[in-house]
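Dear colleague,

I am passing on the structure below, and I would be grateful if you could look through it before reading my notes. What I found follows directly after it.

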Amino acid sequence: MGKATVIPFGPQHPVLPEPLHLDLVVEDEKVIEAMPQIGFVHRGLEKLVETRDYNQFIYVAERICGICAFGHSMGYAETVEQLMGVEVPDRAQALRVMWHELSRIHSHVLWLGLAADAFGFESLFMHCWRLRERVLDIFEKTTGGRVILSVVKVGGVVRDVDDAMFAYIKQVLEGLKDEYRQIMNTLLTDTSVKNRLVGVGYVSHDDAVAESMVGPFGRASGVNYDVRMLGNGWYGKLSEFQPILSNDGDCYARVQVRCLEVLQSIDIIEEVISRMPAGDIEVKVKGNPADGAEACNVLEQPRGECYYYARGNGTKFLERMRMRTPTSQNIAGMTIALKGCDLADVNNIILTIDPCISCTER
Amino acid sequence: MAYFAKSPWVIHYDASSCNGCDIEVLAALCPGFDAERFGVINTGNPKHADIFLVTGSVNEQNISVVKEIYEQMLEPKVVVACGICACSGGIFHDCYNVIGGVDQAIPVDVYAPGCAVRPEAIIDAVVEAVGILEEKRAAMKNGKEA
C-alpha cells in the first residue's frame, strides 16, 4: 500500500462548469476520502429580501441558479402566494407546470451532455446540446428569454401562450422525441459508455436514505421520492405517473433515471397542453404579507426536492426567505460515492450527482 | 494575419455566476451558435488559452483564483467579462459577499453585458477580443509593453 497523498481538485477544472473544490485523499490510484469545500459562488442573496420587496425579489430568486431558473421563480411565487392566501388561476398554474417541465428537459439534456463530456464522449456532448437548443427556442418564442425567463409573477404568470404556439411546441417536442431516443440509445447501450459507468460510484439504498439524498441521485439508489407526487399546484390534476426508479445506485443508473425522466416530462407537457384550461393568467395581488405569517413549500426541481420558507413582517419586504436546495442534500452522498473509487472516475462521479453549486451556495 | 485570428483558444471560469452565463458560454461553442467553426476552442488549461472568459462577480474567496488563472496565462492575453455580474455586479451588486465586477481583480478588455448574456453577444465579444489580441501581439513584437 502506498502512502496517502492529498490531491486538490478544482475549483478551476476542465470537467467542472462551476467552481467546487475537493481535497481527495488518495492511496495509489484509489480515493479513500473526499473532502468538499464550497463557498466560491456565495453571494448572500437571501439577505436581499430586506432591500427588495416581495414582487422584486422574484427576479433575484430566479437568479439563484441559471439552470433551474424557472423552478426557483415558481417555487418562490408559490410560497409568497401561500403566505398571502392568493388563489392562482388554473391556466397560470398549468402554464407554470408546462414551463417547469420544459426546464426539466433542458436541464437533463444539458446534464447528459456534460456527463458525456466527462467520460470523454465529445460528439455525444455536442448532440445533446444541439437538442437542448430546441427547448431554448420554445422558451425564447414563449417568454423572450433563453435561460432566465422572468415569466412568473406573484399571482400568476406574465405572458399567455396562444393555440398556434401550443401547436408549435407539440410539433417541436414530437421531433425532439425521435432524435432524443437515438441519443438515449447511445447513452444506455453503447459498450464504451457502459464500461465507464456500470458499477462506478455505488451508493446503497440505506446510505441514500441516511444521507437524505433527493432527486434523480436518490431515485437511482431506489429512494422512491418525487415531490411532484404530492400533487402541488397543477401536478395534482395530471393523470397518474410514477417516479422513475432504479436500484443499481451506480453512475449508469443515474444516467438511466435522467434519460427516462426526459421522456416522462415530454408526456406531461403533452398532457398539460391537451388539457390546458381557459381563463385568466393572473390575479391582482394587493397588500402585504401579514406580520408573523409563515409559509413553506416544496417543489421538485430537475435536481430534486427544493424547500422554500418565507416569513412576512407586515411590510412589503419579507422578514426571511430561505431555500434548501437539492445539491446541498446531495453533496454528502457524493462523498460516499467517491470513497474507494479510482482517481480517473472522480470526474464521472461528481458529474453524475448533477451538482448545482450556485443553487447550493446562493 | 497571425495564428490568433485563426484560432483563439478560450478558458472559462465561473467566478460567482448563477450558471446562466456559464451555460450560454458553452452554448456559444456548441451546435446552434457553433463558435468552433471560427476556430474558437474551449480549453481547461490557462497556459493554452489566449482569451479568458469570466462570468459572475468576484468575492473574497474566488478573487485569488481569478487572479491566479490570469497570471498563469501567457502574454498576450485578453479578458472578456461575460454577463452583467462580471461587468459590474449586476443584480447582486449590493450583496454583502460581492466585491464587484471582475475589473476589481484583473484588467478587463471587453465587456459583454446581458442577464444572461446572449451567445451572440459572447461571439461578438470574442471577435473584438481577437482584434485586441492582435494589437497586443503587434506591440510585443515591436518590443513595447503590451
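**Notes on the model**

Behind H5(B) comes B:Gly143, whose phi is positive, near 85°; helices here (H or I, at least four residues) and strands (E, at least two) are DSSP runs, numbered from the N terminus. Helix H5 of chain B itself covers residues 119–141, and its 23 residues reach 33 Å from the first C-alpha to the last, close to the 33 Å expected at 1.5 Å a residue, where the expected span is 1.5 Å times one less than the number of residues. Its buried residues are B:Pro119, B:Ile122, B:Ala125, B:Val126, B:Ala129, B:Val130, B:Leu133 and B:Lys136; a residue counts as buried if 20 or more other C-beta atoms lie within 10 Å of its own, as exposed if 12 or fewer do, and as partly exposed in between, with C-beta atoms placed from the backbone.

Please keep in mind that this is a predicted model, in which local features need pLDDT of at least 70 and side-chain atom pairs count only at pLDDT 80 or more, while totals for chains, interfaces and linings use all residues. Residues are numbered from 1 along each chain as its sequence is written, and chains are lettered from A and ligands numbered from 1 in the order in which they are written.

**Confidence**

The predictor gives the complex an ipTM of 0.82 and a pTM of 0.87. Chain B averages a pLDDT of 85, with 95% of the residues scoring at least 70, pLDDT being the predictor's confidence in each residue, from 0 to 100. Where pLDDT is low, the predicted coordinates should not be read in detail.

**The sheet of chain B and the interface**

Five strands of chain B form an open sheet with parallel pairing, in the order S2-S1-S3-S4-S5. Strand S2 (41–42) and strand S5 (110–112) of chain B stand at the edges with a single partner strand each, so one side of each is left without a neighbour in the sheet.

Between the chains, 32 residues of chain B are in contact with 35 residues of chain A, a contact meaning that the C-beta atoms of two residues, placed from the backbone, lie within 7 Å. On the side of chain B that touches chain A, strand S1 (9–14), helix H2 (20–29) and helix H3 (63–72) of chain B each supply at least two residues, and the largest share, seven residues, comes from H2(B).

**Chain A**

The domain assignment of chain A gives domain 1 (1–42) and domain 2 (45–351), with bounds that come from an automatic or database domain assignment. The centres of these two domains of chain A, taken over C-alpha atoms, are separated by 27 Å. Their contact takes twelve residues from domain 1 of chain A and 13 residues from domain 2 of chain A. Strand S2 (21–27) and strand S3 (30–37) of chain A each supply at least two residues of the domain 1 side, and S3(A) provides its largest share, six residues.

S2(A) and S3(A) pair in the antiparallel sense over seven bridges, with A:Leu22 opposite A:Pro36 in S3(A). In their hairpin, which has two residues between the strands, A:Asp28 takes a positive phi near 55°. A:Val31 lies in strand S3 of chain A and is buried, with 22 other C-beta atoms within 10 Å. A:Val31 and A:Leu343 are 312 residues apart in sequence, yet 6.1 Å apart in space, C-alpha to C-alpha.

Helix H4 of chain A (residues 122–143) has 22 residues and reaches 31 Å from its first C-alpha to its last, close to the 32 Å expected at 1.5 Å a residue. Its buried residues, among them A:Cys128 and A:Trp129, pack against helix H3 (90–118) and helix H5 (163–189) of chain A together with H2 of chain B. H4(A) is followed by A:Gly144, whose phi is positive, near 100°. In helix H3 of chain A sits A:His108, which is buried, with 23 other C-beta atoms within 10 Å.

With best regards

Methods
Two strands pair if DSSP finds at least two bridges between them.
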